[in-house]
Amino acid sequence: MTGPNVVARVGAMLRAVATTEPDGASTTELGKLAGLARPTAHRLLTALADEHLVSRDQKTGRWSLGPELYLLGVGAAQHHDVTDQARAVVTRLARETGESAFFSARRGDQTVCVLSEEGSFPLRSHVLQVGIRFPLGVASAGLAILSHLPAAEVDDYFSREQPETKWGPTHSEAAIRKRIEQTRRAGYAVNPALLVEGSWGMAAAVFDRRGLPGWALSLTGVETRFRAGRRRELGRLLLEQAHELSGRLQG
């Protein structure tokens, strides 16, 4: 393997481990998630463990993120962490709506949830949690971000990724493009229980200094809480809070 290929595989493996937190996963499971054969996955995980970037439970054999990643993250947070600025907004969304509220960041062709706050309503959707990654266009946060990217970037995304392969026909390019148009008209994205039956989500994009969508605020809950009239109310609130947070992050 050449140097760039090794780096790409290491990155894919670390992201795979991250998606299985906090329970961790076996070598075989992580190989499948990273798109690697089991022997290759085992070699990479062993090498990463030697550097304390991953850890293995000696009883279960399951892998999780290692302590060195935490230390690296502390340093990186000084430059990249915006959760402190987003926390008050996420808390306000959860308090005012009663739904679970989230803040997700774009990472390449994916979004990763970095902050969450549970609402007061007792029935909740459990699709999203901190650390979970979805391809752009799949969950409501990724749809909100994808919908506000320049048209050329959207075309490039679909030339690289085919979400339908894993997520089914409701996530074909044609279906996602239709939802992109709906999102652009409304300003906010809606996921009408496309991932888990009865679990709805809504999101609004948060923009960086270049005017590009780098994050998203979202709400999730059970279908009965997302009727048409209330969706308009929730959409308005999401857009207001996303606009406020965009201003903070651009300041």
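Predicted model: local features only at pLDDT ≥ 70, side-chain atom pairs only at ≥ 80, totals over all residues.

User: Then what makes S7 and S8 a pair, and in which sense do they run?

Analyst: Strand S7 (residues 199-207) and S8 share nine bridges, in the antiparallel sense. The rule asks for at least two bridges, so the pair qualifies.

User: What sits in the hairpin of S7 and S8, between the strands?

Analyst: Five residues separate the two strands there, and Gly 211 takes a positive phi near 80 degrees in this hairpin.

User: Why is S7 called largely enclosed?

Analyst: Buried means under 20% relative accessible area. Eight of the nine residues of S7 are buried, so the rest of the structure largely encloses this strand. S8 is mostly covered as well, with 10 of its 10 residues buried.

User: Take Ser 218: buried or exposed, and how do you know?

Analyst: Ser 218 lies in strand S8. Its relative accessible area is 1%, and the limit is under 20%, so Ser 218 counts as buried. Leaving aside neighbours within four places in sequence, the residues in contact with Ser 218 include Ser 100, Phe 102, Leu 128, Met 202 and Leu 238.

User: On to charges. What makes Arg 225 and Glu 99 a salt bridge?

Analyst: The closest N and O atoms of Arg 225 and Glu 99 are 2.6 Å apart. The cut-off is within 4 Å, so the pair counts.

User: Which other residue forms a salt bridge with Glu 99?

Analyst: Arg 230, where the closest N and O atoms are 2.8 Å apart. Arg 230 is in helix H10, so its bridge to Glu 99 ties together parts that are 131 residues apart in sequence.

User: Buried, partly exposed or exposed: what are Glu 99 and Arg 230 called, and why?

Analyst: Glu 99 has 1% relative accessibility, which is under 20%, so Glu 99 is buried. Arg 230 has 21%, between the 20% and 50% limits, so Arg 230 is partly exposed.

User: How do you know that Arg 184 and Glu 181 form a salt bridge, and where do they lie?

Analyst: Their side chains meet at 3.3 Å, N to O. The limit is within 4 Å, so this pair qualifies. Both residues lie in helix H9 (residues 173-186), three residues apart, about one turn of the helix. Arg 184 has 36% relative accessibility and Glu 181 has 39%, so both count as partly exposed.

User: How many salt bridges are there, and which residues are linked in a network?

Analyst: The count comes to 13 salt bridges. Arg 92, Glu 244 and Arg 248 are linked in a network of them.

User: Last, the whole protein. How do you know how its radius of gyration compares with a compact globule?

Analyst: For 251 residues, a compact globule would have a radius of gyration near 18 Å; the protein has 19 Å, which agrees. Its C-alpha trace spans about 55 × 35 × 35 Å along the principal axes.

User: And what domains does the assignment give?

Analyst: Domain 1 (4-70) and domain 2 (80-248). Their centres, taken over C-alpha atoms, are 28 Å apart. Across the protein there are 10 helices and eight strands, and 44% of the 251 residues count as buried.

Terms used: Residues numbered from 1 in each chain as written. Heavy atoms only, no water. Domains from an automatic or database assignment. Buried < 20%, exposed > 50% of the residue type's maximum accessible area, 1.4 Å probe, protein only. Helix = DSSP H or I, 4+ residues; strand = E, 2+ residues; numbered from the N terminus. Contact = heavy atoms within 4.5 Å. Rg over C-alpha atoms; globule rule 2.2 N^0.38 Å.
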